[in-house]
Amino acid sequence: MNTQRKQAWTIVAAFATLLGIAALRKRKIDDPTVDYTIHGFKRRSLMTPAGKMNYYEAGTGQPLVFLHGIGGGSSSWTWSKVAPAFVNQYRVIVPDWVGWGLSEHPRRYLLFPDYVDQLEALLQHIDQPAHVVAQSLAAGFAASLAQSTPERFSSLTFMTPSGGKDFGRDSFKFILRNTLTPLARTAPLNLILYRALFHRRFVLRDWLQSQGFYEATAVSRGIGDGFLYSARQPGAAYSALPFLSGDLRYDIVPYLRDLRVPAMMLWGTQERVVGRKTGERLTALYPNIPLSFIKRARATFELELPAQT
C-alpha cells in the first residue's frame with residue numbers, strides 16, 4: 001500500500017472513530033411505519049432462508065409488490081407515499097428486506113443470493129403472479145429471479161436499476177475504492193464507520209439533499225428520520241456494509257438479458273449517482289425494456305414526487 005493510500009485510510013479511520021463516538025448521543029426517533037398503519041396496512045411476517053421478513057399488506061386483487069433499494073437507512077417506509085394509492089385496485093405488499101427496516105437483522109453479511117432467496121420465498125407465499133416494482137439494487141434481485149421463474153411475475157418495473165458496477169464501471173470512484181471500501185472490509189473499524197455515517201442525521205440529510213431529491217428544501221426532518229430509524233436498528237450495519245465493501249456491487253446488464261416478463265424502467269432526469277446515460281445504454285441494449293423519465297427528479301422520486309411515480 002503506497003503512502004497516499006495509508007494517509008487516506010488513516011484520515012478516514014480517525015474521522016470514523018470520532019463520529020462513531022459522537023453517534024452515541026442520539027435522540028429518540030418515532031417509528032415512521034405508522035404511515036402504513038394509518039392507511040389500513042397490516043404488519044405481517046414471513047420466514048425466509050435469510051431470516052424473518054417483515055412486510056405490510058393491504059387491499060385485494062392482483063398482487064403488487066414494492067421492493068426498496070439497498071443503502072443506509074433504506075426500508076419499506078420509502079414506499080409509504082406511493083403504496084397506499086394502489087390499495088383500491090391491488091393487493092399491495094411492501095416488505096423490508098431481511099437486514100433492513102423492522103425485519104430480522106442477522107449478524108452476517110447478506111449477499112446477492114440471500115436477496116433472491118428472500119424474494120422467492122415472498123412470491124411463493126403470495127402464490128399468485130405479481131407485479132413487482134424494484135428500486136436500484138433490488139432490480140437485479142428481481143430480474144435474476146424472473147429469469148429462472150418468470151411464471152411468478154406479471155410485470156417488472158425497475159426504478160433507476162443498477163448494481164453499482166454496471167457495464168464494468170464501478171460507481172465508487174478511485175478515492176472511495178481505496179479508502180471506504182477497504183475500511184468497510186476491516187473489523188471492527190467497519191462497524192465504527194457504519195455508525196459514523198448512517199447513525200448521523202446530517203450525513204443522511206446531506207445525501208438526500210444532494211443526490212436523493214431535486215429540490216433540497218423538500219427534505220424535511222421527517223424524511224430524514226424515516227431513514228435514520230431504519231439505519232439505527234440493531235445489527236443494521238451487517239446488511240449495509242457489503243455494498244460499501246464491494247461484495248454486493250454487481251453489473252446489472254446480464255440480469256436484464258432474455259427477460260420473459262413485461263418490463264420497463266423509470267429514471268429521474270436529474271439523477272446523478274448512476275447517471276441517466278446508464279439507463280439510455282440499457283434500453284438501447286434491451287429495446288424490449290422501455291425507459292421513461294421523471295422530470296425534475298433524482299434518486300428518490302418515490303418520496304419527492306409520489307404522484308408522478
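Q: Is Lys165 buried, exposed or partly exposed?
A: Lys165 counts as partly exposed, because its relative accessibility is 31%. Buried means under 20% relative accessible area, exposed means over 50%, and partly exposed lies in between, with a 1.4 Å probe and protein chains only. This is a predicted model, in which local features need pLDDT of at least 70 and side-chain atom pairs count only at pLDDT 80 or more, while totals for chains, interfaces and linings use all residues. Residues are numbered from 1 along each chain as its sequence is written, and side-chain values use heavy atoms, with hydrogens and water left out.

Q: Where does Lys165 lie?
A: Lys165 lies in the loop between β6 (153-159) and α5 (174-177). Helices (H or I, at least four residues) and strands (E, at least two) are DSSP runs, numbered from the N terminus.

Q: Which residues form the positive surface patch?
A: The positive patch is formed by Lys165, Arg169, Lys173, Arg177 and Arg185. Patches take residues with over 30% relative accessible area and no salt bridge, joining like charges within 9 Å and nonpolar side chains (Val, Leu, Ile, Met, Phe, Trp, Tyr) within 5 Å. Lys and Arg count as positive and Asp and Glu as negative, while His and the chain ends are not counted. The place of a charge is NZ of Lys, CZ of Arg, CG of Asp or CD of Glu.

Q: And which residues make the nonpolar patch?
A: Phe174, Ile175 and Leu176 make a nonpolar surface patch of about 290 Å²; the area comes from the Shrake-Rupley method with a 1.4 Å probe. Leu176 lies in helix α5 and is partly exposed, with a relative accessible area of 33%.

Q: Turning to charge pairs, how many salt bridges are there?
A: The structure holds 7 salt bridges, each being a side-chain nitrogen of Lys or Arg within 4 Å of a carboxyl oxygen of Asp or Glu.

Q: Which residues are linked in a network?
A: Arg44, Glu57 and Arg91 are linked in a network of salt bridges. Between Arg44 and Glu57, the closest N and O atoms are 3.4 Å apart. Arg44 lies in strand β1 (residues 42-48) and Glu57 in strand β2 (residues 51-58), so this pair ties together parts that are 13 residues apart in sequence. For Glu57 and Arg91, the closest N and O atoms are 2.7 Å apart. That pair links distant parts of the chain, with Glu57 in strand β2 and Arg91 in strand β4, 34 residues apart.

Q: Are those members buried or partly exposed?
A: Arg44 is partly exposed at 38% relative accessible area, whereas Glu57 and Arg91 are buried.

Q: What about the aromatics: how many pairs?
A: There are 16 aromatic pairs. Rings of Phe, Tyr and Trp (its six-membered ring) pair if their centres lie within 6.5 Å; planes under 30 degrees apart count as stacked, over 60 as edge-to-face and the rest as tilted.

Q: Why is the pair of Tyr36 and Phe41 edge-to-face?
A: The ring centres of Tyr36 and Phe41 are 5.1 Å apart and their planes stand at 65°, so the pair is edge-to-face. Tyr36 is buried, with a relative accessible area of 0%, and Phe41 is buried at 3%.

Q: And why is Phe66 with Trp79 tilted?
A: The planes of Phe66 and Trp79 are at 40°, with centres 4.9 Å apart, so the pair is tilted. Both residues, Phe66 and Trp79, are buried.
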